[in-house]
Amino acid sequence: MLFATGDSLLGDHEPQVVEHVFHPMDAFRDMWRVTKPGGALLVMTSMQPEPNAFAGWHYHNDPTHVCLFSEATFERVASTLGAGRCLFPAANVAVLEKPL
């Protein structure tokens with residue numbers, strides 16, 4: 001879901017998409033490029049649990065889930081993109097804020 005004004009985005013909401021993308025960093029860079037300064041990229045995906053809980057986690061059993069993410073992954077993505085902040089306001093939600 002895109003929130004557009006003119007030729008840039010105020011925000012981009014990607015619910016349950018990134019785990020199906022073979023090259024997610026390319027996708028994040030494309031979404032970030034068109035996100036307006038002051039906007040945000042909101043990503044929803046089931047976050048990888050702690051290592052001791054991984055075996056019982058249903059998400060990795062889906063063959064269409066080609067990439068798995070954790071909060072640490074999104075913090076790294078945010079740093080790579082130059083996000084002002086990376087927030088986790090709810091379970092399985094990452095918000096990358098683009099500085100003005």
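His65 counts as buried, at 15% relative accessibility (buried means under 20% relative accessible area, exposed over 50% and partly exposed in between, with a 1.4 Å probe and protein chains only). His65 lies in the loop between β3 and α2. Helices (H or I, at least four residues) and strands (E, at least two) are DSSP runs, numbered from the N terminus. Leaving aside neighbours within four places in sequence, His65 is in contact with Glu19, His20 and Tyr59. Contact means heavy atoms within 4.5 Å.

The model is predicted: local features need pLDDT of at least 70, side-chain atom pairs count only at pLDDT 80 or more, and totals for chains, interfaces and linings use all residues. Residues are numbered from 1 along each chain as its sequence is written, and side-chain values use heavy atoms, with hydrogens and water left out.

Trp57 is also found in the loop between β3 and α2. Trp57 is buried, with a relative accessible area of 8%. Residues up to four places away in sequence not counted, Trp57 touches Ser46, Met47, Gln48, Pro49 and Leu68. Met47 stands 10 residues from Trp57 along the chain, and their C-alpha atoms are separated by 10.0 Å.

The protein chain contains two helices and five strands. Their order along the sequence is β-β-α-β-α-β-β. The chain has 100 residues, of which 35% count as buried. Among contacts with a separation of 6 or more, 60% come from residues 24 or more positions apart. The chain exposes about 5,900 Å², and carbon and sulfur atoms supply 58% of this area. Accessible areas come from the Shrake-Rupley method with a 1.4 Å probe; for residues, only the protein chains shown count as cover.

Aromatic packing was examined next. A pair of aromatic rings is described by the distance of the centres and the angle of the planes. Rings of Phe, Tyr and Trp (its six-membered ring) pair if their centres lie within 6.5 Å; planes under 30 degrees apart count as stacked, over 60 as edge-to-face and the rest as tilted. The structure holds three aromatic pairs. In one of them, the ring centres of Phe28 and Phe69 are 6.2 Å apart and the planes stand at 80°, so the pair is edge-to-face. Phe28 lies in helix α1 (residues 24-33), and Phe69 in the loop between β3 (35-44) and α2 (71-81), so this pair ties together parts that are 41 residues apart in sequence. Phe28 is buried at 2% relative accessibility. Phe69 is buried at 3%. The rings of Phe69 and Phe74 have centres 5.2 Å apart and planes at 25°, so this pair is stacked. Phe74 is buried as well, at 0% relative accessibility.

The axes of α1 and α2 come within 11 Å and cross at roughly 50°. Axes are lines fitted to C-alpha atoms, for helices over the stretch in contact, and angles run from 0 to 180 degrees between N-to-C directions. The two helices are therefore oblique to each other (angles under 35 degrees count as roughly parallel, over 145 as roughly antiparallel, 65 to 115 as roughly perpendicular and the rest as oblique).
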